Amino acid sequence: MSSETRGPSSATLEGDARRLNARHSDVNVGEIAIGVVIGRTSEFFDFFVYAIASVLVFPKLVFPYVDALTGTLYSFGIFALAFIARPLGTVLFMAIDRTYGRGVKLTITLFLLGSSTVAIAFLPGYDQVGWASALLLALFRIGQGLALGGEWDGLASLLALNAPERRRGWYAMIPQLGAPLGLIVAAALFAFFVANLSAQDFLDWGWRYPFFVAFAINVVALFARLRMVVTPQYAKLFESQELQPTTVTDTLKAEGRHVVIGTFAPLASFALFHMVTVFPLSWVFLFTDQGPARFLVIETIGAAVGVAAIFASGTIADRVGRGTLLGVTALAIAVFSGFAPQLLDGGDVGEMIFMILGFLLLGLSFGQSSGAVASNFSKAYRYTGSALTSDLAWLFGAGFAPLVALILASRFGLIAAGAYLLSGAVCTLVALGMNRQIVAYDR
């Protein structure tokens, strides 16, 4: 789609950005990588700020009329709303992308994401507005989900298209770095406030500050990503239909099988994602006497291990192939699901072992899970197909993971929480078996 067919708002916005960045019209792979990492870190920071608050804050602030476990389950129910809204956001914002251009779409989605997140900072509690507190929280969470579905900018695909032939696994892992980096920043912020404020002060106002920070981070991410999407190099790929937005209906009709396989191929890593981030925090907070600040520090250490493992996944994938790595890690996650959750009742040592092993496996698998079958999509449907498979994989693999795991663990013990994780590993192995092309594909 040429610039002449886009709306006037997009032309003005993208024209201004091109002039501001005229000296950088030839964007190299390193610059694209930086833009991708900034964007993903911003997205996951928003995600983890909410996730941590859903354990430490919302059960008491929004659901004080029920016991702590029930309040946390209610909170996790609202947590899942964003994952349900993501595919709807993709449908909505792909239409905006086709009509007004990527610059307009990205501006709206990042503003919606930042606004929804910072609005939560002003959330009144149940004591002030009653049931309306939960309703407002749900609306803001849906806003986050719609924005997360719409913020797909194709930069990860652009990075893959420009990756050196023998370094595709390395460049595929770069977008995934945003997850542990976002967790490190979010967990460190909450750990600081929890450790330095009284419980009452933290619940009254301390928890709100990380949500304010999220808006500032989104502003930085907006400019970094706009600088990428309006470059002539990116526009050329867009016009050649390498990254052409299409309707979701047409994409499903033409590439439905690849969408289904792409949804289930990374399920092991997406299920593990919440099993080592959100769920263990809720278990430790609800069922042990240990303080949350200490465990948030453990999560930060685990996330650092995850960063190293994601880097390692790039090197390993380039040597043995992405499909092989995904299959081996899925088997390892299946084994992990059989014993590891019980370590959360093992005190400091058990929790540390659980988090280190969990993040090690997460980094190796998650590092290569994004767009695992993107190469199967034809050029005309790759942009929309990749966005849609990502949304659905997060929905089925991660959206309900904290809720299901906490229900199972609270009723049947920690060993039962591994059942959800095991199901994700089985889905990954089945999807890889159905799609032999990915096993031999080293991208």
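Q: How do the axes of helix α21 and helix α22 cross?

A: Two packed helices are described by the angle between their axes and by the distance between those axes. In this predicted model, the axes of α21 (residues 401–412) and α22 (residues 414–434) come within 6 Å and cross at roughly 150°. Angles over 145 degrees count as roughly antiparallel, so α21 is roughly antiparallel to α22. The crossing of the two helices is right-handed.

Q: Which residues of α21 meet which residues of α22?

A: From α21, the contact involves Ala401, Val404, Ala405, Leu408, Ala409 and Phe412. Their counterparts in α22 are Leu414, Ile415, Ala416, Ala417 and Tyr420. By class, the residues of this contact comprise 11 nonpolar, no polar and no charged.

Q: How many residues of α5 are buried?

A: Buried means under 20% relative accessible area. In α5, 14 of the 19 residues are buried, and the helix is thus mostly covered.

Q: Is Ser133 buried or exposed?

A: The same cut-off, under 20%, applies to a single residue. Ser133, which lies in helix α7 (residues 132–150), has a relative accessible area of 0% and is therefore buried.

Q: Which residues does Ser133 touch, not counting those up to four places away in sequence?

A: With those sequence neighbours left out, Ser133 touches Val62, Leu123, Pro124, Gly125 and Tyr126.

Notes
Residues numbered from 1 in each chain as written. Predicted model: local features only at pLDDT ≥ 70, side-chain atom pairs only at ≥ 80, totals over all residues. Heavy atoms only, no water. Buried < 20%, exposed > 50% of the residue type's maximum accessible area, 1.4 Å probe, protein only. Helix = DSSP H or I, 4+ residues; strand = E, 2+ residues; numbered from the N terminus. Axes fitted to C-alpha atoms, helices over the stretch in contact; angles between N-to-C directions. Parallel < 35°, antiparallel > 145°, perpendicular 65-115°, else oblique. Left-handed = near helix turned anticlockwise from the far one by under 90°. Contact = heavy atoms within 4.5 Å. Nonpolar A, V, L, I, M, F, W, Y, C, P; charged D, E, K, R; others polar.
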